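Open the structure in your viewer and have the selection panel ready. Here is a short tour, stop by stop.

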Amino acid sequence: MDRQDFLSLYRHMLLIRRFEEKSAEMYALAKIAGFLHLYIGEEAIAVGAIAAIEPDDYVISSYRDHGHCLARGSDPRLVMAELFGKATGLCKGKGGSMHLVDAARNFMGGYAIVGGHLPLATGLAFAAQYQKRDQVVLCFFGEGALPTGQAHEAFNLAALWKLPVIFICENNRYGMGTPVKKAVALYSNIAETARSYGIPAERVDGMDVLAVQTLMCVIVPKVRSAQGPYFVEATTYRFMGHSMADPAHGHYRTKEEVEEERRRDPLALLRRTMLDQNLAGDADLKLVERDVTEAIAAAVKFADESPFPPRDALYEHVYDE
Amino acid sequence: MMISYRDALNQAMREEMRRDDRVFLIGEEVGHYQGAFKVSKGFVEEFGPQRVLDTPITEAGFTGLAIGAAMAGLHPIVELMTFNFGILALDQIVNNAAKIRYMSGGQLSVPIVIRGPGSAAHQLGAQHSQSLEAWFCHVPGLKVMAPATPYDAKGLLKSAIRDPNPIIFIEAQLLYGTKGEVGEGDYTIPIGKAEVKRQGQDVTIVAYSKMLLVALEAAEDLAREGIDVEIVDPRTLKPLDVEAVVASVKKTGRLVIVEEGWRFAGLGAQIADSVYERAFDYLDGPIVRVTGADVPMPYTRSLEDAAIPDRVRVMAAVRQILGKGQRPIPHHK
Ligand SMILES: Cc1ncc(C[n+]2csc(CCOP(=O)(O)OP(=O)(O)O)c2C)c(N)n1
């Protein structure tokens with residue numbers, strides 16, 4: 001990795017952070033409606049993992065999907081326009097925050113039925129295997145999906161058929177208000193769940209983008225060379241509420257806990273590492289910050305100025321004609 | 001050539017798999033067991049286990065996998081051992097397959113066929129004897145077919161496999177062994193086109209899948225009473241060929257709808273609604289529905305018979321609509 005690579009990680013993480021902060025602001029202004037699940041605090045996972053794959057690999061995610069989409073390189077203007085429900089949005093305003101898709105980047109979507117996209121991920125991997133392409137699939141989901149039957153069906157099929165999929169469990173310790181301890185029997189060693197299917201599994205500090213990327217750079221080639229699926233538990237913490245309907249802490253966790261975790265801010269961690277190890281100077285970081293600020297401003301401007309879809313778009317895309 | 005419904009399905013899939021190597025078959029027991037109802041006889045020998053995939057008992061898992069594969073450009077055929085088990089895959093079918101094109105604003109397509117038998121066979125009990133087509137017809141984004149004859153089964157299945165949308169293709173255990181004339185080689189039947197299966201002047205019957213055969217029998221008997229029945233088989237249930245039904249109703253002025261599924265919120269209610277909307281002025285009286293009874297299917301033969309529309313009940317409905325008899329058997333209220 002050279003200095004540019006580190007700066008690129010930083011840039012993507014910062015882009016997601018600022019994008020999410022701006023989204024929250026736009027939500028408060030009622031420019032964005034519906035459910036909005038922010039990824040603040042978890043940026044290192046998407047950015048570290050996606051930095052380890054190729055453009056024609058597949059990425060699929062849950063409803064907390066802005067981070068994965070932006071890490072994949074989607075245009076923030078089109079993402080913001082989608083959140084605004086505009087005709088120029090990635091999905092022409094029909095998907096919304098929870099259902100971003102950028103097919104040109106093989107970002108195959110965000111899905112809002114917990115556990116429901118894990119079987120889809122095995123299917124993308126199956127298609128790669130069937131067509132003898134050496135693509136891999138990154139499938140991101142929260143630990144709340146682990147107890148679902150669909151997750152287990154997906155693990156079993158992936159292991160049975162040696163499918164090139166990497167299941168990345170973003171363990172932020174809560175599914176809405178339910179702590180992992182009350183939801184997952186093997187909560188203290190989630191990776192064991194996957195190992196019980198014969199899927200090799202690792203745990204990584206999901207606040208440390210370099211650790212995530214390093215691990216993924218080891219795993220991706222193994223999966224690509226047809227050795228079958230992998231499972232990664234990335235430990236993390238969501239700094240915001242579950243969605244905009246939920247305050248940052250709430251009754252299920254304390255303010256102190258949130259503040260404690262915020263001290264492990266993945267962005268601050270990367271910034272410190274880069275400065276300490278002389279991988280970037282203040283000036284470099286400032287430049288990135290300026291770029292990102294401009295990109296976010298442009299995204300909001302674009303979304304704001306874009307038209308809503310015309311009413312006759314209602315019946316478009318129900319079927320492939 | 002006279003072949004069975006089962007062989008017609010086999011030919012359709014075989015021809016399409018030879019034509020297009022993106023097409024593959026996946027499901028429980030489709031390979032070496034040759035399908036629970038032997039529809040995929042000879043497939044694993046011809047196409048190999050890479051294209052004829054035996055799965056564990058995991059309907060959500062393999063249906064979801066097939067949907068994912070379709071998103072990535074393959075054309076899977078999912079065989080559900082029966083549609084009763086497809087209930088375990090409803091999340092995948094309804095929340096994913098049916099919506100992915102729309103949610104993505106047209107970026108992704110899901111060209112997939114999900115097929116297998118629906119409806120009752122003989123005395124299989126409540127969990128194995130259900131007609132769930134109305135569930136699927138309710139969902140925008142899905143197309144639904146339920147062909148009754150070998151000819152239609154072959155032509156429609158080929159169209160389904162070539163269609164870029166998710167398709168629910170409902171067969172019937174009691175149809176697999178029925179025989180009919182099927183043309184040699186490559187032909188398709190357009191999706192969404194009904195066929196008049198019997199010409200008549202007095203009453204229109206709309207019936208599909210197994211109920212078409214029941215209606216045809218009833219029509220023969222009614223002919224001996226001097227009643228001339230026209231029978232329209234929609235073949236595709238969604239999109240429904242309302243045009244064809246309306247054209248027939250304009251001729252006869254009377255409509256009986258026969259379906260095996262439950263009455264309440266059944267498909268016949270929708271067909272009636274579409275006809276009232278489009279052809280009310282041509283109707284000489286209210287539309288009459290003959291449906292399955294609103295009960296879980298009982299095991300014992302006498303009660304099972306009472307729960308499923310039969311020739312006698314269809315005949316009674318036709319006489320009723322013509323003012324020639326009593327009302328149909330009362331428990332089908
Ligand atoms: C099958 C299903 N049940 C319930 C919900 C409602 N729900 C949405 S998010 C959520 C919590 C999921 O937590 P987790 O998987 O850990 O992801 P996180 O939100 O923490 O990223 C629940 C219960 C749902 N979307 N799908």
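Predicted model: local features only at pLDDT ≥ 70, side-chain atom pairs only at ≥ 80, totals over all residues.

**Stop 1: the contact between chains**

Show chains A and B together. Select the contact: 31 residues come from chain A and 32 residues from chain B. Now keep the chain A side. Colour β2 (107-111), α5 (117-130) and α6 (149-160) of chain A; each of them supplies at least two residues to the side that touches chain B. Which element gives the largest share of that side? Select α5(A): the largest share is its 9 residues. Next, colour this side of chain A by residue class. You get 16 nonpolar, 10 polar and 5 charged residues.

**Stop 2: the sheet**

Hide chain B and turn to the strands of chain A. Six of them form an open sheet, with parallel pairing, in the order β2-β1-β3-β4-β8-β7. Go to the edges: β2 and β7 (201-205) of chain A each have a single partner strand, so one side of each lacks a neighbour in the sheet. On average, neighbouring strands of this sheet are turned by 15 degrees against each other, direction ignored.

**Stop 3: one strand pair**

Select β4 (residues 165-171) and β8 (residues 230-235) of chain A. The two strands run parallel and are joined by 6 bridges. Show A:Ile168; opposite stands A:Val232 in β8(A).

**Stop 4: the helix across the strands**

Terms used:
Residues numbered from 1 in each chain as written. Chains lettered and ligands numbered in written order. Contact = placed C-beta atoms within 7 Å. Helix = DSSP H or I, 4+ residues; strand = E, 2+ residues; numbered from the N terminus. Nonpolar A, V, L, I, M, F, W, Y, C, P; charged D, E, K, R; others polar. Pairing = 2+ DSSP bridges. Axes fitted to C-alpha atoms, helices over the stretch in contact; angles between N-to-C directions.
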